[in-house]
Amino acid sequence: MKKIIVVLGLFLGLTSCRFGDEILLPQGTYSVKKDMVDYSQLYFFFKTEDKDTLVDTNFNNMISTTNWVLSIDKRLPLHKVIPEVVKLQIKKQKKNAHGGKEQTEMYFSYSDSLGENLAFLPFKSVEYAQKKYHSSAYVKKYPDFHMGFENVSIDVLKGNQVLVDGVLVTDAHPLEFIKDYLSFLSENKTVLVYLNFDDRLLFNDYIKFKLGMLSILNDSILLAPNEFIYDAIKLDKECDCLY
């Protein structure tokens, strides 16, 4: 079994297989999954060039029949990361469709700062929509399906501003507000939550928010598999979903 070395200190980082390179992993406060066997580790390194942030990938260890663990530097913005993640999702689907292990998964790795261990967040089933598409438009496009739910749209913008159904959350603890709000709505109807992310958001903030949302879910509060990663500046003005 392969081992991943976690460095504990001011930052919880991942020592890569390339000499001199280091990945600073996102941090969470609990482990969705702790143990991992039969996997290939794929690296997304943080690089800068002429003040531009770049993604430097190393997929040399990719084996189609294993689980894929993506170790992504927490300083990378979503608009650099998600397109590469989607490409890997497509590759994994094609490999599984041609005789691979059907149950192999894809995970993001992160550091559990409380448990002081490496942890893994599955994401193979997440469907990413990019650029100028928002969940409010998706809900309107499929009204028959969504009639059975209380549909809630949550946006996380650069600077970690959070909107719930287009309204800015001013509470000092947005996730606590969201938990109370969703619990109230779920008293009469199952709540289906759609997540929308400004593509300038850092990967660290994306993982933190996802983990926070997972802790809220129950039989009456569900998280939609569709996630919308958009360019907030170019988002269609007709959406009327950002303040």
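1. Leu217 touches Leu222 and Leu223, leaving out residues up to four places away in sequence; contact here means heavy atoms within 4.5 Å. Leu217 sits in the loop between helix 5 and strand 15. Helices (H or I, at least four residues) and strands (E, at least two) are DSSP runs, numbered from the N terminus. Leu217 has a relative accessible area of 27%, so it is partly exposed. The cut-offs are under 20% relative accessible area for buried, over 50% for exposed, and partly exposed in between (1.4 Å probe, protein chains only). Its C-alpha atom is separated by 9.3 Å from that of Leu182, 35 residues apart along the chain.

2. On provenance: this is a predicted model, where local features need pLDDT of at least 70, side-chain atom pairs count only at pLDDT 80 or more, and totals for chains, interfaces and linings use all residues. Residues are numbered from 1 along each chain as its sequence is written, and side-chain values use heavy atoms, with hydrogens and water left out.

3. Which residues touch the most other members of the largest nonpolar core? They are Leu70, Phe108, Tyr128 and Ile154, in a core of 43 residues. Another core, of 10 residues, lies apart from it and has Val69, Tyr107, Leu118 and Phe120 among them. A nonpolar core is a set of buried Ala, Val, Leu, Ile, Met, Phe, Trp, Tyr and Cys residues joined through side-chain atoms within 4.5 Å. Beyond four places in sequence, the contacts of Ile154 include Ile178, Val193, Phe209 and Met213.

4. Strand 5 (residues 39–49) and strand 6 pair in the antiparallel sense over seven bridges; pairing requires that DSSP finds at least two bridges between the strands. The two form a hairpin with two residues between them, and Asp50 in the turn has a positive phi of about 55°. Tyr43 has Asn58 in strand 6 as its bridge partner.

5. Phe59 is in the loop between strand 6 (52–58) and strand 7 (67–72). At 22% relative accessibility, Phe59 counts as partly exposed. Leaving aside neighbours within four places in sequence, Phe59 is in contact with Leu42, Tyr43, Phe44 and Leu88. Thr66 has its place in the loop between strand 6 and strand 7, but is buried, with a relative accessible area of 6%.

6. The structure holds five salt bridges, each a side-chain nitrogen of Lys or Arg within 4 Å of a carboxyl oxygen of Asp or Glu. Lys210 and Glu227 form one of them, with the closest N and O atoms 2.7 Å apart. Lys210 lies in helix 5 and Glu227 in strand 15, so the pair ties together parts that are 17 residues apart in sequence. Both are buried. Arg200 and Asp198 meet in another, at 2.8 Å, N to O.
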